[in-house]
Amino acid sequence: MSRVYNFSAGPAVLPEEVLKEAAAEMMDYRGSGMSVMEISHRSALFQSIIDEAEADLRTLMNIPDNYKVLWVQGGGHLQFAMVPLNLMKNGRAEYIVTGQWAKKAWKEAQKYGSASAAADSSPQNFSCIPDCSGITFDKKDDYVYICMNNTIYGTAWHTLPETGDIPLVADISSCFLSEPLDVSRFGILWGGVQKNVGPAGVAIAIVREDLIRSDLDEKIPTMLRYDTYASSGSLYNTPPVYTIYMCGKVFKWLLKQGGLEAMKQKNEEKAALLYDYLDSSTLFHPTAAVKDRSLMNVTFVTGNPELDKKFVQEAEAAGLVNLKGHRTVGGMRASIYNAMPKEGVEELIRFMRRFEEENA
């Protein structure tokens with residue numbers, strides 16, 4: 001069977017070139033006679049893998065020297081807890097709630113201190129990013145938290161909130177490496193890699209050094225402390241060796257594409273094709289506010305749940321898979337991450353045109 005166009009929100013499509021390289025090295029990595037899955041995380045061989053991956057990520061994102069790159073297991077849900085556990089020195093934080101994942105992070109933080117919702121777009125069914133221009137954050141706040149790209153609802157931050165000296169923390173899982181970011185604007189950037197960077201199994205936390213505290217409450221578990229990862233080079237315990245190896249290959253692929261400026265241009269081009277079609281369609285309707293549309297996750301509906309279901313089924317039969325919207329909202333979602341080729345978006349649009357003609 002030939003490869004399909006995979007529009008999954010995560011685990012998601014990976015570059016074919018990366019998959020072929022990994023396949024070629026599956027049984028014997030660099031003459032070791034072993035698969036990467038088999039090598040020790042304490043070996044010089046793996047040390048070179050994690051070192052190269054970090055160096056390439058620093059190059060891609062232009063990460064300043066005073067930020068640590070940490071490889072943490074547990075995915076996004078663990079970061080929902082680690083952020084307040086490590087940053088709540090005064091026991092208070094502000095969350096801007098723009099979707100289900102930001103809401104879950106906010107609820108988790110309430111277990112450890114006073115976490116307030118500075119703004120919340122749930123009354124608009126999370127179809128937009130709230131206007132935060134008039135918000136003045138309290139200097140006693142330990143941090144302000146946002147989710148940069150809202151996978152379920154197809155919205156994204158295009159202008160960051162002004163937080164002054166208060167650290168800005170951002171979940172960048174589904175827009176990770178899709179465009180340049182000024183890392184110095186943030187206290188912490190973290191992302192689960194399974195959406196736009198690699199296979200599931202690790203989150204990457206980019207943490208400003210002054211926020212990595214060694215004076216935390218001793219009751220905080222060892223593996224929930226950023227300083228545990230920072231002081232051990234993310235090797236305190238056995239890390240997800242193969243996932244890190246695959247992320248490293250994706251980083252090299254991105255560098256070969258021309259870096260994040262080039263990826264942003266490609267992603268804007270792909271998204272424009274799909275949004276332009278949706279805006280002209282009489283059957284399909286995009287659900288996110290125009291000014292807040294995501295480049296990565298395009299959400300749309302027909303307005304008829306049965307027709308939505310038919311579309312997803314027929315699309316899958318045509319080799320366009322995982323277009324069903326998140327179970328909490330229904331409809332459709334096309335995740336067009338870095339590794340989704342322009343041809344995949346063009347094929348989706350051709351299919352949507354045919355479907356529209358047949359079901360108008």
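Helix α3 (residues 75-87) has 13 residues, which should span 18 Å at 1.5 Å a residue, and its end C-alpha atoms are 18 Å apart, which agrees. The expected span is 1.5 Å times one less than the number of residues. Helices (H or I, at least four residues) and strands (E, at least two) are DSSP runs, numbered from the N terminus. This is a predicted model: local features need pLDDT of at least 70, side-chain atom pairs count only at pLDDT 80 or more, and totals for chains, interfaces and linings use all residues. Residues are numbered from 1 along each chain as its sequence is written, and side-chain values use heavy atoms, with hydrogens and water left out.

**Helix α3**
- Of the 13 residues of α3, 11 are buried, so the helix is largely enclosed by the rest of the structure.
- Buried means under 20% relative accessible area, exposed over 50%, and partly exposed in between (1.4 Å probe, protein chains only).
- The buried residues of α3 include G75, G76, F80, P84 and L87.

**Nonpolar cores**
- A nonpolar core is a set of buried Ala, Val, Leu, Ile, Met, Phe, Trp, Tyr and Cys residues joined through side-chain atoms within 4.5 Å.
- The largest such core has 88 residues; M61, W71, L177, F251, F284 and F311 have the most contacts inside it.
- Helix α6 (residues 241-257) gives the most to this core, with 10 residues.
- A second, separate core of 33 residues includes L87, M88, A93 and V97.
- Leaving aside neighbours within four places in sequence, L177 is in contact (heavy atoms within 4.5 Å) with residues including M61, N196, F251, L254 and N338.

**Aromatic pairs**
- The structure holds 15 aromatic pairs.
- Rings of Phe, Tyr and Trp (its six-membered ring) pair if their centres lie within 6.5 Å; planes under 30 degrees apart count as stacked, over 60 as edge-to-face and the rest as tilted.
- Y95 and Y143 pair edge-to-face, 5.8 Å centre to centre, with 75 degrees between the planes.
- Y95 is in strand β3 (residues 92-97) and Y143 in the loop between β4 (114-120) and β5 (144-147), 48 residues apart.
- Y95 is buried at 1% relative accessible area, and Y143 is buried at 0%.
- The ring centres of F311 and F355 are 5.2 Å apart and their planes at 85 degrees, so this pair is edge-to-face.
- F311 lies in helix α8 (residues 305-317) and F355 in helix α9 (residues 342-359), so the pair ties together parts 44 residues apart in sequence.
- One aromatic cluster is formed by Y277, F284, F300, F311, F351 and F355.
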